[in-house]
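Colleague: Could you load the model and talk me through it, beginning with the charged pairs?

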Amino acid sequence: MSNVSESVMSAEQRKILAVMLVPMFMSLLSVSIVNVILPDMQRSIGASNSAIQWVLSGYTLAFGVFLVAAGRAGDLFGRGRLFVIGVGVFAAGSLIAGLAPDPLMLNLARIVMGVGSGLLSPQGVGMIQQYFHGKLRGRAFGMFGTIVGVSVGIGPVLGGGLIAILGDEWGWRSAFLINVPIALIAIVLGRLWLPRSAWVGSDNGSHDTGSNAASSSDTTGDDTEAGGKSRARADFDPIGILLLAVGTLLVMLPFLERSLGAWIYLLVPIGAVVVIGWVRWENRYSRQGGSPMVDMQLFRTRSFAYGAYLSSVYFVGMPGVWVIVALYLQNGLGFPALEAGLIGLPSALLSAAGAQAAGRVVLTFGRKMVVLGVGIALTGVVASALIVLAHETWGISIWWMLASLGVLGIGQGMTISPNQTLTLAEVPVEYAGTSGGIMQTGQRVGTAIGIAVVTAVFFAFQSLAGYAAAIIAGFSVIALIIIAAGIIGTIDLGRGRKKAKRAEELAKS
């Protein structure tokens, strides 16, 4: 294949990205937008604090629990099929949420939305693996990183803007209802634009490995592979799915429902035991000749293992930034929701730009770019803490955080999408959805744990010494977590250099 075809996206590939990225942006936006619309939502339907908490935790739990199973289903039965089903489920949940008359209906709707997000998200990662190679894969994941960064930053601004324009009642409802027409368009375009091979699973003859597979693989789609494996033999590993779902639920739930009391943290070690049992089951199932939900041999691929660990640790720290910044600005300094949301907008835009730029050169610089991105993100967090200290001590404008959080955004753009590209680079395409689901599950679990820990530190210091001390303490915890992610990246970088040196020595001998 020519250099031109390796660096220029085909029309089919551009259509695939358009179909995938808009619904994925929509599902990620539904995480960040809720933080701003929550108070108006609570007043509108008369929800208690515990009931309204499930608007957040119900979505997050359903999202996290379904990711790996959905990735496996997409690998087996067709990523396009699971993607469109997920978008449809998400749209149905959004419609119900936007029209919900009471807290129960709203919380059920948010769980349905979480299921839809869990179904569609790993298919996007899987299709990037399936239809993009080399530099084009880096660019595609760069665009994926862009939507992650923008969704985090733009959610509070959009939520505050809708409430300002449409009022307290229809402002928060429109934040859900706007998803419905977008999802319907995505379903139609998915049916029209996704290649035929996207509707056929890995057990059905869809092992597309060419960089222009979007066009070349449409000739496949028989019910059997060349080797004669039929659809009927697809192995979904239901026990493995159940064990991982229960384990993930037990680990995540205590960090999302802390108000139930300290006893709930007893579920964490129980969940850990279930996850260990799941690992043992998967290995046993593989030895017996079955096709496990997750092939544990994936973790013998060091680039995948280190990248997944780095991603999970990084997400323990980073999402907490926006939670404590909003708490400090709104509760501590009295900012309205829209102004509090605006302070993260430059970070979102710079994250998008950083992801785009990094996606183009990630294969040139490799893991060095990820480590550099983590270092820049750490600089942004430390600088933000110093600005809060200077604001409280000398009265400088808190709006200087636009710059420090912008630095954080650049680091985030250089970390998330390049790490995704490098982590999945050596994963076989038939496990693309499953491996993407593993990474995203780690991110969701990390986010739940991180926000719980960071906000616990924040409120502990707030009760003792006020909001300024609280946010500085929160930033300090986040900085330590980011340092841990950087250490993982540095170890992997060193491992890669040793591997390259050995290969060079073998070539000379």
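**Salt bridges, cores and surface**

Modeller: The side chains of Asp-75 and Arg-79 meet in a salt bridge, with 2.8 Å from N to O, where a salt bridge means a side-chain nitrogen of Lys or Arg within 4 Å of a carboxyl oxygen of Asp or Glu. This is a predicted model, in which local features need pLDDT of at least 70 and side-chain atom pairs count only at pLDDT 80 or more, while totals for chains, interfaces and linings use all residues. Residues are numbered from 1 along each chain as its sequence is written, and side-chain values use heavy atoms, with hydrogens and water left out.

Colleague: Is Asp-75 buried or exposed, and what about Arg-79?

Modeller: Asp-75 is buried, and Arg-79 is buried as well, with buried meaning under 20% relative accessible area, exposed over 50% and partly exposed in between (1.4 Å probe, protein chains only).

Colleague: How many salt bridges does a search of the whole structure find?

Modeller: The search finds 5 salt bridges. Another of them joins the side chains of Asp-40 and Arg-43, again with 2.8 Å from N to O, and both of these residues lie in helix H3 (residues 34-45), 3 residues apart, which is about one turn of the helix. Helices here are DSSP runs of H or I with at least four residues, strands are E runs of at least two, and both are numbered from the N terminus.

Colleague: Changing topic, which residues have the most contacts inside the largest nonpolar core?

Modeller: Those are Val-321 and Phe-475, in a core of 116 residues, where a nonpolar core is a set of buried Ala, Val, Leu, Ile, Met, Phe, Trp, Tyr and Cys residues joined through side-chain atoms within 4.5 Å. Helix H19 (residues 467-508) gives the largest share of this core, 12 residues. Apart from it lies another core, of 13 residues, including Val-251, Leu-253, Leu-267 and Ala-452.

Colleague: What does Val-321 touch, not counting residues up to four places away in sequence?

Modeller: On that basis Val-321 touches Val-381, Leu-405, Leu-408, Phe-475 and Ile-478, with contact meaning heavy atoms within 4.5 Å. As background, nonpolar side chains tend to be buried together in soluble globular proteins.

Colleague: Where is Thr-60 found, and which residues is Thr-60 in contact with beyond its neighbours within four places?

Modeller: Thr-60 is found in helix H4 (residues 49-77), and, leaving those neighbours aside, Thr-60 is in contact with Met-252 and Leu-256. With a relative accessible area of 18%, Thr-60 is buried.

Colleague: Now the outside: which residues form a nonpolar patch on the surface?

Modeller: Leu-95, Leu-99, Ile-165, Leu-166 and Trp-170 form the patch, which has about 540 Å² of accessible area together. Patches are made of residues with over 30% relative accessible area and no salt bridge, with like charges joined within 9 Å and nonpolar side chains (Val, Leu, Ile, Met, Phe, Trp, Tyr) within 5 Å. Helix H7 (residues 134-177) contributes the largest share of the patch, 3 residues, and Trp-170, which is found in helix H7, counts as partly exposed at 46% relative accessibility.

Colleague: And overall, how many helices and strands does the protein chain have?

Modeller: The protein chain has 19 helices and 0 strands, and buried residues make up 56% of its 509 residues. Its accessible surface comes to about 20400 Å², of which 67% belongs to carbon and sulfur atoms; accessible areas come from the Shrake-Rupley method with a 1.4 Å probe, and for residues only the protein chains shown count as cover. Along its principal axes the C-alpha trace spans about 70 × 60 × 45 Å.
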